[in-house]
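User: I'm new to this one. Could you walk me through it?

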Amino acid sequence: MGAVVATSGMRSQLAQETRRRITFLGICLAVIGLVLTVRVGYWQLRGVTFVDPTQSLVLQPLRGSIVDANGRYLVANSVIYTVGISPHLLREDDREGYLRLLTEVLGMEAREAGTVLDSRQPYVQLGTEVPSATVDELLRRCDEDQYLTASVFRLDPRQQRVYADPRLMASVLGMVLSDGEAAYGIEQQYDAALRGQEGQWASLIDETGQAVLAEWGEYRSPRDGAQVVLTIDRNVQLEAERLLTEALDTYEALRGNILVLDPRTGAVLAMANLPGVNLETLEELQTGDFWRVANTAASAIYEPGSVIKPITLAAALETRSVLPTDTYDDRGEMWVGGRRVANMGDVPYGQLNWTQMLARSANVGAAHLAATMGPARFYEMLRRFGFGDVTGVDLPLEAQGLMRVPNMDTWHMSDLATNSYGQGISMTPLQVAVAYAALANDGVMMRPHLVAEVRWPDGVQRREPAVLRRVLSPQVADQVGEIMAEAMELGMENAMVAGYRFAGKSGTAGVPRDGEYDHRLATPSFVGFGPLPEPRFVILVKLEEVVGDALGLEVAAPIFREMATYLLDYYRVPASQPLAEAG
Amino acid sequence: MKINRDSVPTIPSEGGGRQGATSLNVGRIVYVASLVLASGLAAMLLLRQADDIASLKYDIRVLINRQETLRRLRTDLEGRIAAQESVERILELGEAWGYASPDGAREIDLVYELAGQP
């Protein structure tokens, strides 16, 4: 009987134990279930963003490169790394190996490297601009040495702009600042194309921004930026900058520009603005260095002086105010709006035709033309030539110039005379070059442009030449070109190129300071186009604020000739005249 | 003392008990086994799919990383080409090798009119 009772008790005990275990398991499962339910409920009720693109893994696109007209790199990218190490992951036995790595590959001092390795910190930054070649060497050494592992290093790559010639056409190219924003030049104007589009890999995250599941959702690859092809030829640009640098040194000018345009298309072949900057050492720039960074050819205005006289003549011929065969009596001075207008040195030239008027750069002749036209027609023609308005060039911060017109309170009748020979009116060098390009292109003004193509990974977007408007009839454009070429042969030999005919005009403008002209300073310039009869180049040379008697004919004309000679050689333009005859 | 056999409590036959339990447990075991099998199959399918997905994701990740590496290499190569193409560097090299820029070269079109030809 005792045995029977004992067996029954054991079974009961066993059953109780089993029930306890089941209960315990049930409680555990219930707790787990409760935790899961609470978590899921928390996500549901707290409005968790499951796939949030803003919190996704962002894949950076490569910024597009900029190349010249021949496809040579002007701006490209390189990869640099921020390199860090996690010393707390290192074993004491491997310390020497890593010490050698830091000193020999990364170039750290042994003492500094030792301090880093002994710090036992989770992360220590070793460098922020480590070249990819150094990182490659670091990884190679880790691969070769069984005691070293690359996983203790953190390598964060990023791209950096690289310039083939960091001083060449800096103000045209612009720059990318350390925060990735583009400033000035082509970099700013074509930022949308160059920048590309970010890719992303969406993640499942909770509201604290923590990834619950990585790589959740759609993967979108980054779209690399487009390659921008300029119309500028870097060899022509280099020659323009070489000539300008020499001129700035020789004449101690404040600034200078050399512009070369193709009048048939409006393409800019060279745009030298000096003094410039070195794009690799921008941190050395001071606050007042704006004009070294900005593109002065398109953004800075100046009084052009006598280079405007051919425009005045063209306007008078186009409006039929005078005929090409007309002459006028130059007495050395005349009065317009109660103000005396005089030739340089008050010299009376007597009876002059238009060729002689340009050759002698007679202010009275230009004023006579403007007075004959009258304010309405004169300013209407200046507007048609694009003065007082932007040209629409594909550059940021283009200035529109300053031109007073008759319906303004500040305009005076005497402005009609002074404006006719380029005083009391301001414009950019680009506006002057574009106006001359219209004279050279049978009276048709083309929109100036610096970009020929935008090459996307999946196609090419060509920038076709665009006509702005017809400014003159072809006949008048031809007449003015011929008169200018004859004027050059009469009195501007400094600008002539043997074997070729060019049409051009010099200018020597005063420098306005506080409402007066500073007679110690001058802005000499020369603008012309050729070779006739089918001009391929418009060349503008301008030096600003030269001390002393710096005449455009003596200072800027020889630079014009050198630039023209280079262009004719470089583009293999056959001579239009026998060399012996041309002299 | 005479013992009344009927009053002696008997131990229930284990065989009978076992027989009853066996017939009940077989049905349950088959039922549970079927459930476990079905669940196992489903779980195996799910795991297989999850494995395939994870494997594919890993492959994609590797390929994307490879793509990123290649893009970095290309970028770096472009940068090196740009540095090598520097026109100032080329001119300096040219000068060092004794070359000079042409001065005053001209392109002239020469037309010969041969006697006797129309």
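Here are a few questions and answers about this predicted model.

User: How many residues of domain 1 of chain A are in contact with domain 2 of chain A?
Analyst: Start with the domain assignment, which gives domain 1 as 2-230 and domain 2 as 234-280 + 293-570 in chain A. Their C-alpha centres lie 57 Å apart, and the area buried between them is about 2,800 Å². On the domain 2 side 28 residues take part, and on the domain 1 side the number is 31.

User: Which side chains meet in a salt bridge across that interface?
Analyst: The rule finds one salt bridge between the two domains of chain A.

User: What is the peptide bond from L532(A) to P533(A), cis or trans?
Analyst: P533(A) is found in the loop between β24 (516-530) and β25 (537-544) of chain A. Omega for the bond from L532(A) is near 10°. That bond is cis.

User: Is D346(A) buried, partly exposed or exposed, and why?
Analyst: D346(A) lies in the loop between β17 (339-342) and β18 (350-353) of chain A, and has a positive phi of about 55° although it is not a glycine. Buried means under 20% relative accessible area and exposed means over 50%. D346(A) has 41% relative accessibility, so it counts as partly exposed.

How values were computed
Residues are numbered from 1 along each chain as its sequence is written. Chains are lettered from A and ligands numbered from 1 in the order in which they are written. This is a predicted model: local features need pLDDT of at least 70, side-chain atom pairs count only at pLDDT 80 or more; totals for chains, interfaces and linings use all residues. Side-chain values use heavy atoms; hydrogens and water are left out. Domain bounds come from an automatic or database domain assignment. Contact means heavy atoms within 4.5 Å. Buried area is the accessible area (1.4 Å probe) that two parts lose on being put together, summed over both. A salt bridge is a side-chain nitrogen of Lys or Arg within 4 Å of a carboxyl oxygen of Asp or Glu. Helices (H or I, at least four residues) and strands (E, at least two) are DSSP runs, numbered from the N terminus. Buried means under 20% relative accessible area, exposed over 50%, partly exposed in between (1.4 Å probe, protein chains only).
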